[in-house]
Amino acid sequence: PTLLNAMSMGFLSALGVLLCSLFIPDLKTEPAISGALMPFVSGLAMTTAIRDTIKGDLVSGGARLIEAFMTAVMLAVGAGIMLRMWAGNVQSNAEEIHVVWRLTGCFLASMAFCFLLNQPVKTIPLSGLLGTAGYAIFMVLNQGMIAYFVAGLLISVSCEIMARCMKCTATMLITSCLIPLVPGLGLYRTMLWITQGSYRKGAETGVDALLGILAIAMSVTITMLIFDGINKVKNKKNAVQGGKIH
């Protein structure tokens, strides 16, 4: 049922965008469809799966990775079916969206996921700013694997610090702030190319997307290990000091 729901969501999202294109002739269908599918893409589940695998939890990591991958496949299949039925051409070479609008979209996307995750109200503006700052670093570094890693590291470290200052869960903050970095468009294009028979383009795009997810997962894992080590050292010091007092 979950996979059927994902395919239905992909089909209906593409249908909604294509219907809007009838009234808005200048609408770029590819970014619009990928944006509509973003709330359903399990990019963060893939990131968590890779992080669990790196930590040694192979069963959990493998299960999460398969589930996330199949969800992405079914979303793309649903959208691809709708596009074939509509017989429309997706604009692969769409013009670059202006930087200001990109960063504004990142800010709004991070804040939207804050509401979905029921984050404390006081953390929402900062989460939006961190998500925007991370994507800005990603753009400056030419949007490669290093850019994914550095931006993910910046966001993870900032969220860990913010979580300790505001006394909330770091994982929740990291999730909402990483949303702009998740290569949802890359995953969407991968499945779209495959459904259209362009297997080489699909493979190249898919590898780039998976490398990006791997880089994000590595940055999050390294940050969590560092801060876990710091917490263990602090706990040991507190235990030693407590023992001396008694």
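Helices (H or I, at least four residues) and strands (E, at least two) are DSSP runs, numbered from the N terminus. The structure described here is a predicted model, in which local features need pLDDT of at least 70 and side-chain atom pairs count only at pLDDT 80 or more, while totals for chains, interfaces and linings use all residues. Residues are numbered from 1 along each chain as its sequence is written, and side-chain values use heavy atoms, with hydrogens and water left out.

The secondary structure of the protein consists of 10 helices and 0 strands, and along the sequence the pattern reads α-α-α-α-α-α-α-α-α-α. Of the 246 residues, 41% are buried, where buried means under 20% relative accessible area, exposed over 50% and partly exposed in between (1.4 Å probe, protein chains only). Contact means heavy atoms within 4.5 Å. Among contacts between residues at least 6 apart in sequence, 72% join residues at least 24 apart.

Helix α1 (residues 2-23) contains Ser13. Ser13 counts as buried because its relative accessibility is 13%. When neighbours within four places in sequence are left aside, Ser13 is in contact with Ala36, Leu37 and Phe40.

Two packed helices are described by the angle between their axes and the distance between the axes. Axes are lines fitted to C-alpha atoms, for helices over the stretch in contact, and angles run from 0 to 180 degrees between N-to-C directions. Helix α6 (residues 124-140) packs with helix α7 (residues 145-166) at an angle of about 160°, the axes being 8 Å apart. The two helices α6 and α7 are therefore roughly antiparallel to each other (angles under 35 degrees count as roughly parallel, over 145 as roughly antiparallel, 65 to 115 as roughly perpendicular and the rest as oblique). The contact involves residues including Leu126, Leu130 and Phe138 of α6 and Tyr148, Leu154 and Met166 of α7. By class, the residues of this contact of α6 with α7 comprise 13 nonpolar, 3 polar and no charged; Ala, Val, Leu, Ile, Met, Phe, Trp, Tyr, Cys and Pro count as nonpolar, Asp, Glu, Lys and Arg as charged, and the others, Gly among them, as polar.

Helix α7 has 22 residues and reaches 31 Å from its first C-alpha to its last, close to the 32 Å expected at 1.5 Å a residue; the expected span is 1.5 Å times one less than the number of residues. Among the buried residues of α7 are Ala151, Ser156, Glu160 and Ala163. Lys167, which follows α7, has a positive phi, near 55°.

The axes of α6 and helix α8 (residues 170-178) come within 8 Å and cross at roughly 50°. That angle makes α6 oblique to α8. In this pair, Ser127, Leu130 and Gly131 of α6 meet Leu173, Ser176 and Cys177 of α8. The residues of the contact of α6 with α8 divide into 3 nonpolar, 3 polar and no charged.

For α7 and α8, the axes come within 9 Å and cross at roughly 145°. The residues in contact include Gly152, Ser156 and Glu160 of α7 and Ala170, Ile174 and Leu178 of α8. This contact of α7 with α8 has 9 nonpolar, 2 polar and 1 charged residues.

Met224 is found in helix α10 (residues 199-245). Met224 counts as buried because its relative accessibility is 15%. Although 68 residues separate Met224 and Ser156 in sequence, their C-alpha atoms are 8.0 Å apart in space.
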